[in-house]
Amino acid sequence: MGVVIWSNGRLYGPEEPLAPGIDHGLTVGDGVFETCAVYDGTAFALTRHLRRLARSALGLGLTAPDEGAVREGVAAVIAASGPDVGRLRITLTGGPGPLGSPRFAPADQRQSLFVLAGSGAPSDVSRVIRVPWVRNERSAVAGLKTTSYAENVVAVSEAYRLGADEAVLANTVGELCEGTASNVFLEREGELLTPPLSSGCLAGITRELLLEWSAAVGLPVREAAPGELRYDVLDEVVEGSAHLAMSGSIRNVSPVVSLDGSEVEAGPLCVEAQRLFQARLADDLDP
Ligand SMILES: Cc1ncc(COP(=O)(O)O)c(C=O)c1O
């Protein structure tokens, strides 16, 4: 299926022009976004995604978008898409701006809002690589889901070039951090651990739900303490004494079966976490 776009009350095709060339999102990546899965015509966890979108916008100095407008756009693109619609993308940018990084004066700012729908099937397993580039946990935009994703484009392109589908990054102090579009969970000694937000990773909604749902059923899944997960713990995954899973809105919880080109075993807890997530997801599409 093709992509359907909504902006300002109107639907557009994927190739139709709709943003001015001076949109600050386009010129300098001044924007924030959300990606969520769509199941049976319903955007999954939309309320949590809208909350994070507002948080990212405020963190960037933008105004949180009107929730009613976003929901209108979401309903419009889903209604206009075929049954294969599997993912949504909501983008809010600073709107028209100067050619450099400063924005227009507040009175002259008009933010742009775009909602896009497309197809997207979750993958059951992940194949990942390590990359030499790092997340900056002290960045001005750490933890915000901004449209400045060029670093992720480079890292995930390298993953695809090597036959994988995701790259796992360290942060500047050598801690395990996250993937380009996913959070990471490490299974070791009967526990599934995910790096804390202080590592600079995004507060992923899949990560957050897995932590909540695991706690509810007593599955040993927890946030690691700062410094507890070093990047070189990935050596243990290659050696087979630890396992990895990735989480994200399209892949859900996905055990890793290949690291740096070596086949690795899906960990039992990773598989259990995947099962739990799939089961709970079906119960409530806006948890
Ligand atoms: C950098 C980054 N980390 C983690 C995630 C996972 O977050 P979520 O589970 O909310 O999709 C994403 C999602 O795209 C991301 O871009």
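Reader: Which atom of the ligand is 2.7 Å from an N or O atom in the side chain of E178?

Author: Start with the idea of a polar contact: a pair of N or O atoms within 3.5 Å. Here, a nitrogen atom of the ligand sits 2.7 Å from an N or O atom in the E178 side chain. Keep in mind that this is a predicted model.

Reader: Which residue has a polar side-chain atom 2.8 Å from an oxygen atom of the ligand?

Author: That is R52. A backbone N or O atom of I205 lies 2.7 Å from an oxygen atom of the ligand.

Reader: How much of the ligand does the protein bury?

Author: Compare the ligand alone with the ligand in place. Taken alone, the ligand exposes 390 Å². The protein buries 95% of that.

Reader: Which residues around the ligand come nearest?

Author: There are 17 residues around the ligand. K145, Y149, E178, T206 and S249 come nearest.

Reader: Is S247 buried or exposed?

Author: Read the relative accessible area. Buried means under 20%. S247 has 1%, so it is buried.

Reader: Now a helix. Where is C270, and is it buried or exposed?

Author: C270 is in helix α7, residues 268-283. Its relative accessible area is 0%, so C270 is buried. Leaving aside neighbours within four places in sequence, C270 is in contact with E187, L192, H243, L244, A245, V253 and P255.

Reader: How far apart are C270 and R280 in space?

Author: Count both ways, along the chain and through space. C270 and R280 are ten residues apart in sequence. C-alpha to C-alpha, they are 15 Å apart.

Reader: How many bridges does β6 make with β5, and how many with β1?

Author: β5 and β6 pair over eight bridges. V85 has S119 of β6 as its bridge partner. V4 has A117 of β6.

Reader: Why is β6 largely enclosed?

Author: Count the buried residues. Six of the eight residues of β6 are buried, so β6 is largely enclosed by the rest of the structure.

Reader: Which residues of the largest nonpolar core touch the most other members?

Author: The core has 25 residues. A43, L46, V74, V77, L88, I90 and L113 touch the most other members. Elements giving two or more residues are β1, β3, α2, α3, β5 and β6. α3 gives the most, with five residues.

Reader: What does L46 contact?

Author: Leaving aside neighbours within four places in sequence, L46 is in contact with C36, R71, V74, I90 and D286.

Methods
Residues are numbered from 1 along each chain as its sequence is written. This is a predicted model: local features need pLDDT of at least 70, side-chain atom pairs count only at pLDDT 80 or more; totals for chains, interfaces and linings use all residues. Side-chain values use heavy atoms; hydrogens and water are left out. A nonpolar core is a set of buried Ala, Val, Leu, Ile, Met, Phe, Trp, Tyr and Cys residues joined through side-chain atoms within 4.5 Å. Buried means under 20% relative accessible area, exposed over 50%, partly exposed in between (1.4 Å probe, protein chains only). Helices (H or I, at least four residues) and strands (E, at least two) are DSSP runs, numbered from the N terminus. Contact means heavy atoms within 4.5 Å. A residue is near a molecule or strand if one of its heavy atoms lies within 4 Å of it. A polar contact is a pair of N or O atoms within 3.5 Å; within protein, one must be able to donate a hydrogen and the other to accept it, and residues adjacent in sequence count only if both atoms are side-chain atoms. Accessible areas come from the Shrake-Rupley method with a 1.4 Å probe; for residues, only the protein chains shown count as cover. Two strands pair if DSSP finds at least two bridges between them.
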